[in-house]
Structure formats: structure tokens, C-alpha cells
Amino acid sequence: MDRTVTVSGHDDAFPVAAGNSVLEAALRANHWLPHACSQGTCGTCKIRVLCGEVDHGAADETILTADDRASGLALACQAKPRGDLTIDPVNDADSGRPMHPLRDYRGTVRELSDIARQTRRLVVELDQPMEFDAGQYTELIVPGSGVARQYSMANPPSEQRLLEFHIRQTEGGLATSGWIFDTLAVEDRIELRGPLGQFGIVEPQPEPAILIGGGTGLAPLKSIVRHALDTDLLPSIHLYHGGRREADLYDVEHFRAIEAADPRFHYHPVLSEEGWSGATGMVTDAVLNDFASCRGHSAYLCGPPAMVAAAVKALKRRRMSPRLIFKEEFSASTPRAQAAAV
């Protein structure tokens, strides 16, 4: 039986079908709730339960402590109602951006190619178009498991039928080693749901942008670059992509071509463990070397948590306003999580 959830301060409510989380039900009903990882590890979707009870599911105890639960806090991406609820988001629920309802999709694999060391490009043609924002992600459903894994779209929102994903193999990973790098083939059918996440860009902004990506953290940044240039959202863009070795870099010629054609765009690949003709060292050090000051700039960061944290620290050293730093962390799945960005 469906439960009903009311958000404090709003007159309307939304239903939650059996087995669904509060967050999934809200997004399917086009009710925006703040969220990022959707796997219970970031805390962005934290809510306060004002009336009713929830099953906390696989909420990580380091993110939602026993004291949090006792005080009525819950993670919307993990919490399942035990009855009707009234909730209040802890973070600002007004995203100020257009909302795209969460939907289930099916599609056909049109490309599956190796593009870098342990990295593949997956292109899926959807049966129906998906509206999304540059920087958002979808969840691919691993066949026969019911488990979802999260991957950011690398294509711009103007391409609503043909979605591009960059996927790095995880040793022993259910989705990668057990499927995408093993049995998945061109023309296979895929199930997915989306869009999700609040990382990315929607409106024009006056500040020039510095984009920093590590590994397949390049995917949403590629979407942002193409969308921002096509729709004139940013006055200029510096894209930094970090890898350990040259074999880890990909789409180099694609970005070189954009750089040659558009003076607003500047591409900076960086290697941390191999000498070559380009920049070397940590990708964040390359930014520090290039910018004496980042005041008046914005930043979009995507990659492993350690890289994102180092980038935030570096940009603050160069006097970038914290409110202009936008980030998305990619973390491997855990036994407690049913979805992961890898």
C-alpha cells in the first residue's frame, strides 16, 4: 500500500510505493529534494521526520549516527516510510533549477569501446528521450541483480536519445568486471533510470570557470563543456583532466579540436606518474601553477574524494569564493550501498 509524504510548508503531498525510498518517490513525482550520491554516503539528502516513522535501510552510520536517528533525522535516499510522513529537508530544497522527473528507461547499446586504460565508452540509444541537465547522472540496472550503479552523462542535454557514459573497471565490481567489461555487447538492451543529481550548470554565469576532473570524472565535465559553449553559459572555460599515465587520458583530440575552434575553451591534460610533453604532477598543482589568483572564477570538480578535497583546498588558497565551487565525488560501491558512481 502506498504511503503519503508531505514536505513541511507545502500543501501538496506525494505517494511512496512499497519498496521505494522517500527520495526516489519525490523525484518521480517531480518534487525536488536535495541529493547528490543517492547511495547514503554523502548526507546531502538528509531530512528531519516531523511526523511518522521510517526504515533507515542501509544508511551509513558515519553519515547518519544513532544520535541523528534518535533526533528524527534520516537519509531520504535510504529511508522507506512505515506509514504516512511529514518531513523537512535539512538542506535547502529550492534548487532554483528546472526539475526533470525521475523515470525508468530502456535502451540499446550502440557503442562499447576501450578509450583508455581500464576505461570504456558506453553509448546507449534510449527508446524515449530523457531530459536532463549538464552534469547529472543516471543509474544503470545490472541485469539479474536489481542493483543500480551510477554513471554521469558525458553528452550535452541537447542529445536526449543518445547517452554517453565513461566507465572505469573496478576489480570485482558487479557492474564493471561482472557485466560491462565481461558480457555486455553492442545491440544488448539496457535498463536505466534518471536523471539524478544536482551537480552541473543550467543558467548563464558571469564568472569564467575552471573545471577539474580525475579519471572518468571527465564525463560530466565533458557534458558541461559542450553545453556551456553551445548555449553561451560561460565566458571562458579551463578544463583540467588528471591521469596517472598517458594511457589514462582519453578524448584528447576531441578537446584539442574544441580548443582550436573556440577561443573561450582551454584544455589542460596532466599526468602525475609519467613524464611527457604536457604538464606533470598533481592536477591541482597544475591549476596553482597557472593561476596566481582564482578570485572572480567558479569551479566544477569531479573525481575521487581525495582529488576533489585537494582541488577545493587549492582553489581556496587562490581566493576562489566557496559559494562558486561546485563538486561531485565519485566513490566505489560498498556492501552497504546499492548504487555507486565509479
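Analyst: Two strands are said to pair if DSSP finds at least two bridges between them. The model discussed here is predicted. By that criterion, strand β1 (residues 3–7) is joined to β7 by 3 bridges, and the two run parallel. Within this pairing, Val 5 has Leu 85 of β7 as its bridge partner. Strand β3 (residues 46–51) also pairs with β7, here in the antiparallel sense and over 4 bridges. In that pairing, Cys 51 stands opposite Thr 86 of β7. Strand β7 itself (residues 85–89) has a covered face formed by Leu 85, Ile 87 and Pro 89, while Thr 86 and Asp 88 make up the uncovered face.

The cysteines may be considered next. The structure holds 0 disulfides. Cys 42 takes part in none, and the nearest cysteine sulfur, that of Cys 37, is 3.5 Å away; a disulfide would require the two sulfur atoms to be within 2.5 Å. Cys 42 counts as partly exposed because its relative accessibility is 36%. For Cys 294, the closest cysteine sulfur is that of Cys 302, at 19 Å, which is too far for a bond. Cys 294 is buried, with a relative accessible area of 0%.

Met 307, Val 308, Ala 311, Val 312, Ala 314 and Leu 315 are buried in α7. Because these residues cover an arc of only 165° around the axis, they lie on the same side of α7. Ala 306 and Lys 313, on the other side of α7, are exposed. The buried residues of α7 pack against β14 (209–214), α6 (283–290), β18 (298–303) and β19 (325–329). After α7 comes Arg 319, with a positive phi near 70°.

Finally, Glu 164 lies in strand β12 (residues 162–168). Glu 164 is buried, its relative accessible area being 9%. The side chain of Glu 164 makes a polar contact of 2.7 Å with the side chain of His 166. Leaving aside residues up to four places away in sequence, Glu 164 touches several residues, including Arg 121, Ser 152, Asn 155, Lys 222 and Asp 251.

Note on methods:
Residues are numbered from 1 along each chain as its sequence is written. This is a predicted model: local features need pLDDT of at least 70, side-chain atom pairs count only at pLDDT 80 or more; totals for chains, interfaces and linings use all residues. Side-chain values use heavy atoms; hydrogens and water are left out. Buried means under 20% relative accessible area, exposed over 50%, partly exposed in between (1.4 Å probe, protein chains only). The arc is that of the directions from the helix axis to the C-beta atoms. Contact means heavy atoms within 4.5 Å. A polar contact is a pair of N or O atoms within 3.5 Å; within protein, one must be able to donate a hydrogen and the other to accept it, and residues adjacent in sequence count only if both atoms are side-chain atoms.
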